[in-house]
Each structure stands twice: as C-alpha cells, then as structure tokens.
Amino acid sequence: MVFQAEISLRLVPPYIESLEPYKPGKAIAELQRELGISKVVKLASNENPLGPSPLAVEAIKLHDNELHLYPNGGLELREDLARRFHLKIGNVIAGSGSEGIMSNIIRAFLCDDDEVLTSDGTFVGFYVLARSRGVKMITVPLRDFRFDLPAIASRINEHTKIIYLANPNNPTGTIFTRKEFDEFYRKVPERVLIILDEAYFEYARGNPAYPDSMQYRYDNVITLRTFSKAYGLAGMRIGYGFAHDVLITNLLKVKLPFEPGTLAQIAGIAALADTEFLARTRETNESGKASLIPALRALGLTVVGTDANFVLLPFDTESTVNDVYNGLLHRGVIVRPLRAFGLPNCIRVTIGDAGQNAFLLEAMQKVLEDAGVLS
Ligand SMILES: Cc1ncc(COP(=O)(O)O)c(C=O)c1O
C-alpha cells in the first residue's frame with residue numbers, strides 16, 4: 001500500500017497542521033544514550049528532587065491487585081479534597097494531571113468565535129491546548145518577568161471567554177499579589193472564565209502576598225492544582241481543580257469517564273496525607289533557593305527571584321542560551337531553554353537537592369568559562 005500525504009493532509013485542519021506540539025524536557029536516559037555518560041542531573045521539568053511521596057508509593061503497592069477493575073472517576077480523591085477544603089464534592093474535579101483538566105476546560109467551554117487571553121512567557125502547555133482548539137489567542141507581554149494584569153485586563157473584548165493566569169508563573173517563578181489580583185478581578189466581566197493555575201502553590205503559599213485562591217472563591221474562577229510537583233507524582237498523572245458546581249458538572253460531562261487511573265487516585269489520596277514529605281520538599285526547596293540563587297549571581301548571571309521550585313536565567317542572546325544549554329548537556333546537566341515559552345533569551349533551571357545544585361554550579365562555571373563569559 002502506498003500512502004498519499006495529500007489525501008491525509010486534507011483531513012487535518014490548518015490550525016492542527018501548523019501546531020507545534022508540546023516538547024517535554026530531555027529525558028535522562030536519552031542524554032545518557034546520546035553522550036555515553038552515566039551521571040546525568042535533570043533540572044528541566046520542575047520535578048521533585050526528593051522523588052515521590054513515600055506514602056503514595058506504599059499505597060500504590062497495596063492496591064496493585066485492583067488493576068483489572070475500572071476506576072471510579074476520582075470519586076474518593078474528590079471526597080477527600082472536598083473535606084480538606086470545606087467544599088462540596090460537586091466543587092471538585094480530579095483528572096490526569098492538571099493539564100488533563102485544562103484540556104477538558106478548553107473542550108467544555110470554548111466555542112469557535114471565543115477568544116482566549118493570557119500572557120507571553122507563560123506555561124507552554126496552555127498555548128498548545130488553546131491552539132489545538134483553533135480559537136484566537138491574544139497574549140500580552142510580561143512586565144519585569146511578571147504577569148502584567150492591568151495590560152491583560154485592557155485586552156478583554158466581547159469575544160474573550162477564557163483568561164489563563166499561572167501563579168506562580170512557569171517559567172518565570174514570579175507571582176502576582178492578592179492586591180494585584182483583586183484589582184484585576186474587578187475589571188473582568190462575569191461572562192469570562194479565569195483559569196488560575198496554581199501548579200506551584202505549595203512552594204508559594206508561605207509568601208504573605210500570595211493570593212491562595214481557595215481563601216476567596218469566585219463563580220467564574222477555576223483553580224487548578226497538581227500532585228506532579230510538590231508531591232513528586234509527575235509520572236502518575238494526577239491533578240485536581242476547584243470551581244462552582246455548575247462548572248464542575250459540565251466539565252465532568254466531557255472528561256473521559258475513567259480518568260484518573262486507579263493508582264493515580266490512590267497515590268493522590270496518600271500524598272495529601274504525607275505532611276512530612278511535603279514539609280521536607282518545601283524545606284529542600286527553600287534551602288536550595290537560598291544557596292543556588294546567590295551562587296548563580298556570583299557567576300555573573302542574572303537570576304529572577306522565584307516563589308516556585310525553579311529559577312529563570314535571562315541571557316543577552318538566544319545564541320548564548322544555546323551555548324549554555326548545550327554546554328551543560330555535555331557536562332550531564334539538563335536544563336530548559338525557553339523559546340517555546342516565548343522567552344528565547346532565557347533558560348529555566350529547576351532547583352534540585354544540595355548535590356544536584358552543586359553539580360549544576362560546577363558545570364555552569366565551566367560552561368561560562370568555555371564560552372568566554374567567565375575568565
Ligand atoms: C504552570 C503549570 N501548569 C500545569 C502543569 C502541568 O502539570 P500536570 O503534571 O499536573 O499536568 C505544569 C507542569 O509543568 C505547569 O508548570
């Protein structure tokens with residue numbers, strides 16, 4: 001059989017054909033294979049350097065004999081979250097990562113003439129999902145590496161249906177404050193849905209200026225959170241969301257009925273109870289931040305202050321970014337260049353544990369020396 005591209009291509013809508021798919025950070029095994037080196041440190045995807053929550057791992061092992069049964073759509077996790085946050089189960093959704101829920105939001109609430117509005121330099125996963133729906137997306141430049149909420153509000157028009165805000169923002173690590181969000185919210189019509197993506201909430205919640213969206217609920221705001229970061233469960237694909245029950249009921253209509261998987265739900269419930277692990281995660285991040293940021297600055301780099309588990313490093317040119325990225329790769333360190341996020345002159349580095357941070361710093365120093373930036 002001979003395949004004919006023209007025939008298949010006619011089946012593909014133009015906005016899908018031109019779509020740049022999400023490219024995850026390079027995998028450890030891939031780099032080990034490419035370079036034939038054994039020690040590789042991955043600081044590219046904001047994963048937890050401590051590994052997964054031990055209570056989650058234990059729970060997964062206890063329930064592996066239930067895999068022949070279909071899951072129940074995250075019912076018990078939703079119940080648990082509702083109890084913890086003093087909500088009704090109808091206000092809670094669980095899904096395959098917070099990105100899985102985001103994709104259901106795009107499917108459930110966007111019609112063809114609707115527009116989405118967000119910032120440049122935010123989570124690339126949202127850009128990909130919005131583009132895959134073929135709707136118009138308006139983006140507003142960052143200001144000092146932060147969401148410019150007044151500028152975003154000024155771009156709302158009669159077609160705006162969804163505004164996406166990540167707080168802390170990925171990849172900048174910056175937050176908008178409660179005061180800034182309150183001022184912004186007053187300018188948003190009720191017919192516009194705000195997605196408040198709080199994937200890094202656990203790292204930011206100690207900052208008194210941080211607006212924990214669960215402390216004030218609005219009918220047109222949906223909060224998204226995840227077990228992928230602070231709970232170390234990125235590989236399980238489990239996340240959750242909170243919103244008015246009308247929004248959740250309609251999201252549940254488009255969600256795949258058996259999502260999330262059995263073990264993902266079990267892991268999520270156990271991780272929520274793992275307060276010791278969460279505390280250790282936050283401490284590791286805080287001490288990593290306290291040592292890594294000054295050390296990177298001492299190498300002459302600009303480092304944007306962060307409320308998350310990663311830092312943004314702006315460089316003069318994209319060519320320096322490529323030199324630093326490739327130089328670090330050759331020394332066994334994977335970081336994330338940010339062209340796809342709309343920040344081609346920047347690199348994002350996940351804060352690791354003490355050993356990983358030291359390995360990064362040593363490699364960075366050598367790479368900067370080789371590039372003639374340091375002598
Ligand atoms: C801001 C933001 N939102 C959502 C996600 C996706 O998280 P999940 O693994 O829950 O799909 C990420 C992951 O990097 C993220 O940085």
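Student: Which residue in strand 5 is the bridge partner of Val116?
Tutor: Ile162 is the partner of Val116 there. Strands are DSSP runs of E with at least two residues, and helices are runs of H or I with at least four, both numbered from the N terminus. This is a predicted model: local features need pLDDT of at least 70, side-chain atom pairs count only at pLDDT 80 or more, and totals for chains, interfaces and linings use all residues. Residues are numbered from 1 along each chain as its sequence is written, and side-chain values use heavy atoms, leaving out hydrogens and water.

Student: How many bridges join strand 3 to strand 5?
Tutor: Three, and strand 3 (residues 115-119) runs parallel to strand 5. Strands pair if DSSP finds at least two bridges between them.

Student: And strand 6, how many bridges join it to strand 5?
Tutor: Five, again parallel; strand 6 covers residues 193-197. Leu165 has Leu196 of strand 6 as its bridge partner.

Student: Is strand 5 mostly covered or exposed?
Tutor: Mostly covered: six of the seven residues in strand 5 (160-166) are buried. Buried means under 20% relative accessible area, exposed over 50%, partly exposed in between (1.4 Å probe, protein chains only).

Student: New topic. What is the order of the open sheet of three strands?
Tutor: The order is 9-12-11, with antiparallel pairing. Strand 9 (310-314) and strand 11 (336-337) are at the edges, each with a single partner strand, so one side of each has no neighbour in the sheet.

Student: What stands opposite Arg336?
Tutor: Arg348, in strand 12. Strand 11 and strand 12 (residues 346-350) pair over two bridges.
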